[in-house]
Amino acid sequence: MDSPDLLQILIIEDEPDIASMYKMLLKGKFPASVEIAGDCASAREKFASATFDIITLDYQLPDGDGLELLREIRAMYHTPPVVMVTGHGDERTAVESFKLGASGYVVKDKRLSSMLPDAVYHALSEVAPQRSEEALLNSEIKYRSLIEGLGETVYRMKLPGGEYEYFGPSAKDVFGYTAEEFIDDPMLIRDIIHPDSTEYFNEKWSELAGGRVSNAYEYKIVDPNGEERWIVQSNRGVFDDDGRIIAIEGICRDITERKRAEGTLERYRSMVESAHDAIFFKDLQSRYLVVNDKTLEAFGASLEDVIGKNDFEIMPDEDEARQNVKDDQSVFDTGKSEEFVKHMTSTTGEDFWFHAVKVPAFDDSGEVIGLVGVARDITDQKRMEDRLRRSEEYFRALIENVQDVVSILDRDGTIRYISGSAEEAFGYTPEELIGTSPFEHVDPDQVEEMAGIFAREIGNPGGALSVEFRYQHKDGTWREYESICHNLIDNPAVEGVVLVSRDITERKRAEEELVLAKDYTENIIRSLVDTLILVDPEANIKTVNSETCKLLGYSEDELIGNPVSMIFAEEEEEEEEVSIFKGTRLTELIKEGSIRNCDMTYKTKSGEEIPVSFSGSAMRDKEGELIGIVGIARDMREIKRLMQKEKELVAAERKRADELKQAEEELQRINAELEGFAHTVSHDLRGPLTVISLAVDMLGQSVEGLKSGSLESIEAVDEIAATLGKNAKNAHRLIKDLLSLAKSGQVPGEVSAVDMADLVEEILRECSSAVREKGVEVKVSPDLGSVTANRTQMFQLFSNLIRNAIEHSSNQRPVVEVSYLGYDGSGGHQYLVRDNGGGIPEDIIERVFTPFVKGEGGGTGIGLSIAEKITGVYGGKIRAYNDNGACFEFTIRDFQEDQTS
């Protein structure tokens, strides 16, 4: 058993050799008992069975992340200091480690042999004062439990008589009666019991008299002044040598104030919990010590997730957490209450706004010990304010940016407000017009009429009318305007007449020109490149242009007045009320109001059918009655030919895109291999080199011990030498496998007919010692066929798969099978290598051929990648699956000269 004076150290490191070096290093520096855990699961088992003074923790572990395990350690009741050790150190990782509570951070480099002991010593020095304080506190508690404290009295009562042998001098403070009164009258205690506690106390008294001692119980008494008091009483029995109870010893304490405080606290707690606001108490480290349900609801977290945590540990937004802590510090520093409007993102991603008041809390000496916070959810208010602001901005922007001029006139006709569009419409800025009469620049011949209209409108609240007038622009020109007037004098939000005015000069001019434009319409229609037809409500052709006649082979006279169905090739049944358009598809146009680019077919005079793209609109009068249909059609024969050509080009482009995508995927696969190679060189190769570096440092120390003839130094040198040899071999094997991987995808230089049975027999001879050692039964098909290939590549392919099967045979009676499955129908030789072990882990089976992917106890993770590359060189494929063991089924084809292209 380890001495209690030894430091208890736990090393969490997945590389056994590195962990061994750590153990030797730390035991040489500290009087310590050192244990090792190779992964997260082993570490958790160690935590459950023992406590440790310090832990060294690897950043990367095979079954989890070192930072996640650090979080678990920091949540333990007795939290030991933790020193993080990593081979991939960077500033971000270091910051995250210290943020989670790490006591030290060391990188696996040449300084490790000196940096690790220093970090352990520093971490232990930080926790030493805390442990001394805990030991002192425990001693104080034990001491205080032996004496009578303030407000407590002790007694000793003989049994079975019930006389008091002793009653402490504090009896007066506790019960209101002196010790002498209790000693003179042993039944006094029963006389002063409050009626609410009589039955309960009598039950406990009977138990005492019968020798059944209750550990502690509470009851209520009435003191000499008639006041109620609560007493808590703790007892223990005193027994003679025969085991008979002869006395009762007890301690009594007045807990009246505590009971009152509990009642008050419960009332306050009920008030806090029923409050609609979030209420909380934080200490000087900004940790939440008390919260109500509304606070938890705001965070979107449970009580366990909040109590004892600061904002950085609860809030997902680090900037918001930092600002909260900064605000807390301001209250602590000033000792004054402060108000804040805060935005917060909950753990569920919801956005909230709070109005918070933070009030400093003081102890009896006036020192700030924390703060009380009350936060009210104002999210709805903020959203409403935002909506109102956006609504105001929207309508203001709408009014200020519309082309129409919006103005408001007072009762006397003065312009109180006019929008910014006035400058473009009238030439005057709003500032020039506000406070003036709206008739100032109106045509003098219309002023009297306009003033009369305004006077009548003022007397008609709620009324509206439209007027037209001439107005002199600032540039001196006269223009026509139209104003729509709304009398909103009685509307308290407006209290004026609203005018919406627009410049209709161009519209007036357009109306005048419309008559002239009508004369040109027919010429325009006839000059269109596309065909145009006008159809009346009776479905007869009313107007056509020359292109229509040219396309259909009819003269204008042959078309006008005839049913429009004569030029459409399709036939379809329509509803009865529009049956006059039967066979034209114009019924759809009438229902929808218009159709655009609809595929239809015209029929020529000679019976030829021509595909056209048809667009048309239904023309209706003010009452909505159909007055005609206008349609334009474009000859689609040439366009369809071009569209077909475009489809062919698109197909060719899509094929090229697919080829580019395949090339890109191949490039990504190569990049993944390169990334894996870099990782292996930086991590897997770093491991043996780190061990070798540590071993060399340790060897120097152990050699000094050899000079003194130390037996422990001799054993240490032997262990270090073995470690050096093993890790040098590991590094050599990794480099060899990397070279094999690089060469495995190359085109073979020499090929010949390879007898596969002879090849497999040679491989099994090389593996014979492993086969015998594991007791593996090897089953090989009698005929494995012959393949035209490079023999070395075939040897690599089969050797990697067979050795893999032998090494991973976890069955008590291991069996490895090598089978020839024949041809696959396209000239490929099919083979199967399988074992009856535990199979390939599900978490890696999909990527088992990816370089450097390896399972538990695996090698470099390169062998299966080499196998896949070789099968690819020979135009084949390999797949892995589980079927009562790991199965590798693959196809290879005879190598042909044209494969080199």
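This is a predicted model: local features need pLDDT of at least 70, side-chain atom pairs count only at pLDDT 80 or more; totals for chains, interfaces and linings use all residues.

Colleague: How many salt bridges does a search of the whole structure find?

Modeller: Side chains of opposite charge can pair when their charged atoms come close. The term salt bridge is used for a side-chain nitrogen of Lys or Arg within 4 Å of a carboxyl oxygen of Asp or Glu. Searching the whole structure gives 48 salt bridges.

Colleague: Which residue is joined to Glu318 by a salt bridge of 3.0 Å, N to O?

Modeller: The partner of Glu318 is Arg322. Because the two are four residues apart in helix H14 (residues 318–334), about one helical turn separates Glu318 from Arg322; helices (H or I, at least four residues) and strands (E, at least two) are DSSP runs, numbered from the N terminus. Glu318 is partly exposed at a relative accessible area of 39%, and Arg322 is partly exposed at 40%, where buried means under 20% relative accessible area, exposed over 50%, and partly exposed in between (1.4 Å probe, protein chains only). Glu318 and Arg322 also belong to a network of salt bridges that links them with Lys99 and Asp319.

Colleague: Where do Glu762 and Arg791 lie?

Modeller: The side chains of Glu762 and Arg791 meet in a salt bridge of 3.1 Å, N to O. Glu762 lies in helix H26 (residues 756–766) and Arg791 in helix H28 (residues 791–807), so this pair ties together parts that are 29 residues apart in sequence. Glu762 has 24% relative accessibility and counts as partly exposed, and Arg791, with 32%, is partly exposed.

Colleague: Is Lys282 buried or exposed?

Modeller: Lys282, which lies in strand S13 (residues 278–283), counts as buried because its relative accessibility is 1%. Its side chain makes a polar contact of 2.7 Å with that of Asp311; such a contact is a pair of N or O atoms within 3.5 Å, where within protein one must be able to donate a hydrogen and the other to accept it, and residues adjacent in sequence count only if both atoms are side-chain atoms. Asp283 is likewise buried, at 8% relative accessibility, and forms a salt bridge with Arg287 in which the closest N and O atoms are 2.9 Å apart. Arg287 counts as partly exposed, at 34% relative accessibility.

Colleague: Which residues form the negative surface patch?

Modeller: Patches are made of residues with over 30% relative accessible area and no salt bridge, with like charges joined within 9 Å and nonpolar side chains (Val, Leu, Ile, Met, Phe, Trp, Tyr) within 5 Å. The negative patch consists of Glu180, Glu181, Asp184, Asp185 and Asp191, and helix H7 (residues 179–184) supplies its largest share, three residues. Asp191 lies in helix H8 (residues 188–191) and counts as exposed at 58% relative accessibility.

Colleague: Which residues form the nonpolar patch?

Modeller: The nonpolar surface patch is formed by Val359, Val372 and Val374, which together have about 180 Å² of accessible area, as given by the Shrake-Rupley method with a 1.4 Å probe, where for residues only the protein chains shown count as cover. Val374 lies in strand S17 (residues 368–377) and is partly exposed, with a relative accessible area of 32%.

Definitions and conventions
Residues are numbered from 1 along each chain as its sequence is written. Side-chain values use heavy atoms; hydrogens and water are left out. Lys and Arg count as positive and Asp and Glu as negative; His and the chain ends are not counted. The place of a charge is taken as NZ of Lys, CZ of Arg, CG of Asp or CD of Glu.
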